[in-house]
Amino acid sequence: MKGKNFLLCGIAFSALAVALTGCGKLQGKDASEITQGNTIAGISVHDPSIVKADGKYYIFGSHMEAAASSDLKEWKSFASGVNGNNPLFDNLFDEDMSAFAYVGEYVEGGYAVWAPDVIYNEAMGKWVMYFSTSHDWRTSNICFAVADEITGPYSYVDTLLYSGFTSMTVDNTNLKEIMGEDVNVSNYLQSAEYNHLNYPNCIDPTVFYDEEGVMWMVYGSWSGGIWLLQIDEQTGYPIHPEADEEAHVDHYFGKYLIGGLHNSCEGPYIFFDDETGYYYLLVSYGGLTREGGYQIRCFRSEQVDGPYVDASGNTFGYTAEHSALGVKMMGNYHLPSLKTAYMAPGHCSALIDEDGKRYLFYHQRFDNGSEYHEPRVHQMFLNKEGWYVAAPFSTNGEDLKEGGYSSKDVEGKWYMLNHGTDIGADIHEGKAVTLKGGSLSGNEAFTGSYELEEGTCYMNIVQNDVTYSGVILDMTDEAGNAVRCFMGVGANNETIWAVMYL
């Protein structure tokens, strides 16, 4: 781990009520004793991308939606709707409609303005938004716009990348401008159509600085996978690399990272963590609808351009089956205090705040028969192996417990679920299980053992010869219950959550 230390548990104590053990009864409430409720944000921002400025948090999402918060709990919308009246842009719908010249309207109607990412470009002295416009699942642009204020208005500047072109439409792109007039266009085609199995859909851009201060853009969705391009900080434009077939570097599209063959994999987000020395790549698998199996996966690398591997040590190359690849941080789940199961979490971004807290931002659907969605913010923590685990509930100012836990603190009734590595509509339900004396009992789905590192927040749970290395956290859940949470990752890329209601 490059000799760097991981986060220990000697930070501020979270003052939550802790139930006392008495009369031989183990701590932890029965389901009938647990208050139920769900946090409702009251706004919808799909594909939320986080950026912080002047002490406030801003999320920008698809369909020209944007909202701000001062506490990560209460959000207020300041932009909404794909139209010329939206204050987020001042020229996107001008007469020439340049951002839509290649893609036109989306195949299902209207104009698609998707998956924006905003970053402050230090060299340009501007807020820069990278975003997509699309016609269908493979015919897309990546564009950029600039503003003097983070809330806009943003002025469209140019279109950077094109995908989905054919032998008849390639002249409407900048491929020949970048590659030269003598470029062999057929290299990107299959039977005169765009080779979407091996080349990307130009969508879902996110831009970041690496540990050396170099700017990069990661992008891609299903189709030919996830790709990486360096960005010229002085101009905001891509720096197109020399082609290297062996290293899977294309002069136009950049460096291939993971995915391809039209396997589900989208919404890439890369960030560097000083504490571990790793770059983390977050992506979403599955379809984004409520029952589409949307979920959050994690890979990491010591180099910005990969290789990105999962907890099993494998990367996600061209393969027909990818469900077992990538640490599954969360999927569909239900716990006793939630009135409604949470479904299809995904298209996430992340933030390491000034105080060192790590946050995961994503959109969440619900098991309510509709496609209604809301942004969510959960705190993340590092296990002893440097893998991220997310708290099961929305952040509410929680801290790891000073001085950690004793063996008595973890004995009692927990509700445990395993997110598995499935991609589908199944909801992973929290099952009652008892932890006592180093053993798990009470539910045939969860048997095995556990081992607490006394005086810390680290605990391992072992099931079926798999060790789930995790973190214990006290917090308040959506319904106001005091809870003790365990979040652990196994080398099989599965994540276990367990919750004790105190």
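**Figure 1. The largest cavity of the predicted model.** The largest cavity has a volume of about 60 Å³. Fifteen residues line it, and Asp47, Ser49, Pro116, Thr206 and His347 are the closest to its centre. A cavity is a set of points on a 1 Å grid over the protein atoms alone where a 1.4 Å probe fits but cannot get out, and lining residues have an atom within 4 Å of a point. Grid points are joined across faces, edges and corners, and a volume is the space filled by probe spheres set on the points. The structure holds one cavity of 30 Å³ or more. Strands E5, E17 and E22 each supply at least two residues of the lining; strands (E, at least two residues) and helices (H or I, at least four) are DSSP runs, numbered from the N terminus. By class, the lining has seven nonpolar, five polar and three charged residues. Ala, Val, Leu, Ile, Met, Phe, Trp, Tyr, Cys and Pro count as nonpolar, Asp, Glu, Lys and Arg as charged, and the others, Gly among them, as polar.

The model is predicted: local features need pLDDT of at least 70, side-chain atom pairs count only at pLDDT 80 or more, and totals for chains, interfaces and linings use all residues. Residues are numbered from 1 along each chain as its sequence is written, and side-chain values use heavy atoms, with hydrogens and water left out.

**Figure 2. The largest pocket.** About 720 Å³ of space lies in the largest pocket. The lining comprises 24 residues, of which Ile119, Phe208, Tyr209, Tyr269 and Leu351 are the closest to the centre. Two or more lining residues come from each of strands E1 (49-53), E5 (112-121), E11 (206-209), E17 (266-273) and E22 (342-352). The lining divides into 16 nonpolar, no polar and eight charged residues. A pocket is an open set of points with protein on both sides within 12 Å along at least five of seven lines.

**Figure 3. The second largest pocket.** The second largest pocket holds about 520 Å³ of space. Its lining has 21 residues, and Tyr106, Trp114, Ser221, Glu266 and Leu288 lie nearest its centre. Seven of the lining residues are nonpolar, nine polar and five charged.

Figure 4. Ser132 belongs to strand E6 (residues 126-134). Ser132 is buried, at 0% relative accessibility; buried means under 20% relative accessible area, exposed over 50%, and partly exposed in between (1.4 Å probe, protein chains only). A polar atom of the Ser132 side chain lies 3.2 Å from the backbone nitrogen of Asp204. Apart from neighbours within four places in sequence, Ser132 is in contact (heavy atoms within 4.5 Å) with residues including Ala112, Trp114, Asn141, Cys202, Asp204 and Pro205.

**Figure 5. Surroundings of Glu451.** Glu451 lies in strand E30 (residues 448-452). Glu451 is exposed, with a relative accessible area of 58%. Leaving aside neighbours within four places in sequence, Glu451 is in contact with Met459 and Asn460. Gln364 is 87 residues from Glu451 along the chain, and their C-alpha atoms are separated by 33 Å.

**Figure 6. The protein chain as context for the close-ups.** The protein chain has two helices and 34 strands. Buried residues make up 59% of its 502 residues. Its C-alpha atoms fill a box of roughly 80 × 45 × 45 Å along the principal axes. Of the contacts with a separation of 6 or more, 58% are between residues 24 or more positions apart.

How values were computed:
A polar contact is a pair of N or O atoms within 3.5 Å; within protein, one must be able to donate a hydrogen and the other to accept it, and residues adjacent in sequence count only if both atoms are side-chain atoms.
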